[in-house]
Structure formats: C-alpha cells, structure tokens
Amino acid sequence: MDTFQFSRPTTVDQAVQLGSTSSTAQQAAEVRFVAGGTTLIDLMKLNVERPKQIVDINVLPLDKIETAPDGGLIIGALARNSDVAHNSTVQRVYPVLSQALLSGASPQLRNMATTGGNLLQRTRCVYFRDTAHACNKREPGTGCSAIDGHNRMLAILGTSKDCIATNPSDQNVALTALEATIQVQGKKGKRSMPIHEFYLLPGSTPNRETVLEPGDVIVSVTLPPPVAGAKSLYLKLRDRAAYEFALASAAVVLKLNGNKIDYARIALGGVGTRPWRSLEAERALKGSSINATTFRRAAEEALRDARPASENGFKVELAKRCIVRALTMSTVA
Amino acid sequence: MAKDPIAPEIVEGMKEKKELAPENGRPLLGRVTRRSFLSHIGAASIAASTPVLASVSSHAPPVIEEAPSTDGIEGAVPVTLRINGKEHNLKLDPRTTLLDCLRENLNMPGTKKGCDHGQCGACTVHVNGRRVNSCLSFAIMHSMDEITTIEGIGQPDHLHPMQAAFIEHDGYQCGYCTSGQIMSAVALLKEPVGPTDEDVKQAMYGNICRCGAYPNIIAAVQSTRKQA
C-alpha cells in the first residue's frame, strides 16, 4: 500500500474543497473520501486504488434517517447499512431496501459500510482486483482479461467489448426499484439526480462508473413517498445461502388492483454492469393479469438484450426465474 | 494518562529496542508468554542460519521487540486511541490498520489476523459497542472512538459469560477464529436477533471457522442468551 496524507474535515464544504484537488473522482483518484472503508481499504491493500490523500468524512453530520417533507425518506450518506436495514420506517414502508441490505456482506461489514459508500461499491471482478491482469476499468487501454477468462460471476446486461464487470451491490438494486434520488454537494453547489442517471454504462470508458466529479460528496439518498398499497421485496440467488454476492437478484415493487397489476418497478442485481432497471419488464407487467404467463413474459423482456460470456450463460435463465419467483412471492397474499 | 502495563512507553520507547531489564526485581526472561516464546524461537532459527551474526549476537544482551519504530517513517502521525477503557498515545504510519495497530503497536495479539480483507471475521472488535472488522479500518480513523477487544471482554480469572460458554460447549478446535467469534457473539446479545438457532447462524455468518466448530459455537451463544 502506498502511503498517504490523512485529513478529517468537519464540514461538507471542507471535504468538497479537499476532494476538488483530485484530477478525477473515478478509478485512480488521487484524493479519496473514506467512510466505512470496507471497499476502499480492501482495494488499497491490493494496490488497485492508490490515493495520495485520504479524507475521512466520518465526522460530517450526514448520518440521519429522516422523513422528507413530501412523506418520503431522507437517508444520510453516512447512515450505516445496519442502521438503515433495521430502521423501523424502512422495514415497514420500504422492506425491499431492508431485505437487500441484510442479504449483503456480514453484520460486521454492515456496521461499517455506509449508504453513500455502498452506492460506490466496486466490482468483484477478479481481474479488476488483481494487478497482474489486464483490466480496462483499473488501467484503461490494457484490455479485459475477463471476457475470455473466468467470467462466471460477471455481467450479461450492459456489457461492452471493453468490460463485463458486475455491479455487486444489493442496496443499489433496491434503491433503483424504489426510484431513489441522490443528493450531491460539489464545487458548484448542490445537485440531485435520479439513481438511474447516477451510474454510467462501461462503454469504452469502464474506469468511469458514475457521474461524480472531483470534490463531489454524496450527502444523502432520498426515497419518494411510498406507493400506497404497493408491496416490495428483494430476492437474491447465490452460490450459498449467506455471505455471498448475487448470481442474480431482483427487487420488485408491485401494486395490484384486483387481479391486475397497477404499478410495477423491477430492478436486477448480479447480472448488470450497473444496478439494472428493467423498463421492459415493467411495461410488460403494467395492466396485465397476475399469472405465470405474465411473469414469464416480463422476465423474457428483461433479459431480451442479455449477452452472456463464455461461463455465465446460465445467468440468463437464472435471472428470468429470479424475476418470476420474486413476482410470484410478491403477489401471494 | 495512565500507563498501560502491557505496552509501556509506546511512544517514548519507539526509538530503540529496549533491553530486557529486571522489573520489580524479577527478570522479564522469567515471564515467558506464548508470543515472546515464539519470537525467541524465530530469533534462534535466524541465528542458526547466520553463524556470523550469531557469534556477534550471542554476546549481546537479549532484546525484546516492542512497538516498531515509526519515527523514521515519513508521515507518521500522532493519534490517541481509547482501547478497553485506557488511552494510548501513539505515533502511527497512517497506513496502519486498527488490527495491525492492536497486534503490532500495542502488543494486544488477542485480535487475530485471518484474511486481512474483511471476509473471515477473525479480527472482529467493537467500535462504540458495535462489531466491526478491524482489518478494514485505519487506526487513525478511530481517535474519537471507544474500542473494545477480546482483552477487554474478560480475563482468565473473570471470564465474560460468553467466554465461559465457549469453553463449556467446546466452541472451537484450533482457536484461531475464537476471539473474533466471541466478539461477534457478545455484540449480537444487543442486536435484533431472533430466538432460533437459524437466527444465530445468520447473525454469526461473518465469522468463519475452518475447523467447523459451528454447532458448538451456536450452542455456546444460545446458552449465554438464555442466561442473559
């Protein structure tokens, strides 16, 4: 691990100022904010991230979970994953988020990891994590060892010829289905964006994962008011029942009107290069009757553009069954 | 600040290795801990393979490895950590993880290093009462925190009920993961964990035991929860 300078700002403005001296907020940033540290310090030990300056933002007052004026929920960027997962409002009104958080990592890691940090969780692609291998995400232009390598865990949606790395987060899949917005404070002041505009597809620049610029500090994530009468759940399929990343997962928010689907939001994890919202599946569900044919049609739509690599073809059918199962579970009284 | 009997003069003593001096009239050599025994074995094996050095060092007084010097390390920063109710003034390379600080700088080897990447749970300690992986945190991030290690949970003459239960239920084989298991188990007593064995399994899955003592670990945790 390279050595670094360490600072601990007490205001968001100071943190923005410190972060602004970096040439990028993406891979290989010279200045990194640390909150839980569970991704960053791991990657620093592997020499995948080599920041010259660490800015500890843990003392910033960003750890509250509060009701928004419109009835939604404002989750501070430093709210720990365990606090969000066990928050009574989250459990009651946004169960998909609580379930997603509790399906990920371990109790110790959830006590450390934060809402904002989890938004920036990095891929578990083994080639990204191993500096002996080529990786366009880690070192642009070096190539992708995964495309012809061990890619069983990697993405089938949103991939490019330069990168097939999966976004590993569970939280972000739930936040996508809940249509969360992300509040950022940066050099030019505050701004807010829907989560589906936060993540970039890899394309030819997989080193750029989000729209964040140097100095940007995620201050909060806001959930819209709950859809009255809707149910939500998270289903995660993986190689073992606990402490493992998703092979495929589905976050579902569904509202029924009698036998018909009134409102549907579907997001997938473990299969996309970013948390994967499926507008196609949602269109297939809206107005349709709840039955196995409808669910299967939605699943087929969601995976229509899937492009598996050499070892992860099984994920196409697995993701479809994951969607069908999640929809079935959320329509059982 | 109260002096720590385990690691005296951490800062002041960092410049040089300290000679083994009699303490209260009793030579330190007489107090062999597992750690000091192992480090002397290591020194002996090095000496055996380097005869020239051995002939020189055989006349030198034995030395005890204390906190490694950080004075020569560029960018070492002062930090005060509060661990098991005691304050420690340290000067640390900023890269030092909380885990390495405990083991290497403070001579508190009860917290174990397993994977060093937050996957095995051997390094579990409590920060402000909550269990965390000390390998994935820099020590300098914790100057305002209350840190508790296995050394602060109980001692051989007054074990924490969870420690006693691990012995009672044989919750280990090799013992390497045990302090992390116990730190997790003590923390879960205050967490929203359901009553069943399955709930305990879920709450403990961040601690890997490669000996496979899981059934006994669960038994130990459940018996302690019933007492509480």
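**A tour of chains A and B**

Begin by selecting A105(A), which counts as buried because it has 29 C-beta neighbours inside 10 Å; a residue is called buried if 20 or more other C-beta atoms, placed from the backbone, lie within 10 Å of its own, exposed if 12 or fewer, and partly exposed in between. What you have open is a predicted model, in which local features need pLDDT of at least 70 and side-chain atom pairs count only at pLDDT 80 or more, while totals for chains, interfaces and linings use all residues. Residues are numbered from 1 along each chain as its sequence is written, and chains are lettered from A and ligands numbered from 1 in the order in which they are written.

**Two positive phi angles**

Stay with A105(A) and look at its backbone: although A105(A) is not a glycine, its phi is positive, at about 55 degrees. Most residues other than glycine have a negative phi. A105(A) sits in the loop that runs between α5 (95-102) and α6 (107-112) of chain A, where helices (H or I, at least four residues) and strands (E, at least two) are DSSP runs numbered from the N terminus.

Next select D170(B), another residue that is not a glycine and yet has a positive phi of about 55 degrees. Its place is the loop between α5 (161-168) and α6 (178-188) of chain B. Is D170(B) buried or partly exposed? D170(B) counts as partly exposed, because 13 C-beta neighbours lie inside 10 Å.

**The sheet of chain A**

Now colour the strands of chain A and find the open sheet of five strands, ordered β4-β5-β8-β6-β7 and paired in the antiparallel sense; two strands pair if DSSP finds at least two bridges between them. At the edges stand β4 (65-67) and β7 (189-194) of chain A, each with a single partner strand, so one side of each has no neighbour in the sheet. From one strand to the next the twist averages 20 degrees, with axes fitted as lines to C-alpha atoms (for helices over the stretch in contact) and angles running from 0 to 180 degrees between N-to-C directions.

Inside this sheet, select β5 (residues 73-76) and β8 (residues 217-223) of chain A, which run antiparallel and are joined by four bridges.

Which residues of α1(A) are buried? They are A15(A), V16(A), L18(A) and G19(A). Viewed down the axis of α1(A), the buried residues fall within an arc of 165 degrees (the arc of the directions from the helix axis to the C-beta atoms), so they line one face of the helix. The cover over the buried residues of α1(A) includes β1 (5-7), β2 (31-34), β3 (53-56), β6 and β8 of chain A, two residues being in contact if their C-beta atoms, placed from the backbone, lie within 7 Å.

**The sheet of chain B**

Move to chain B, where an open sheet of five strands has the order β4-β3-β7-β5-β6 and mixed pairing. Its edge strands are β4 and β6 of chain B, each of which pairs on one side only, and the twist from one strand to the next averages 40 degrees.

Select β3 (residues 77-83) and β4 (residues 86-92) of chain B, which run antiparallel and are joined by seven bridges; P78(B) stands opposite K91(B) in β4(B). Two residues lie between the strands of this hairpin, in which N84(B) takes a positive phi near 50 degrees. On β3(B) there is also a parallel pairing, with two bridges to β7 (residues 146-148) of chain B, and in β7(B) the bridge partner of I83(B) is I147(B).

Continue to β5 (residues 124-127) of chain B, which pairs with β6(B) in the antiparallel sense over four bridges; V125(B) has V132(B) as its bridge partner in β6(B). Packed on the sheet is α6(B), which touches β5 and β6 of chain B and whose direction makes about 40 degrees with that of β5(B).

**Where the chains meet**

Finally, show both chains together: 26 residues from chain B and 22 residues from chain A take part in the contact. On the side of chain B that touches chain A, β6 (130-133) and α7 (197-203) of chain B each supply at least two residues, and the largest share, four residues, comes from β6(B).
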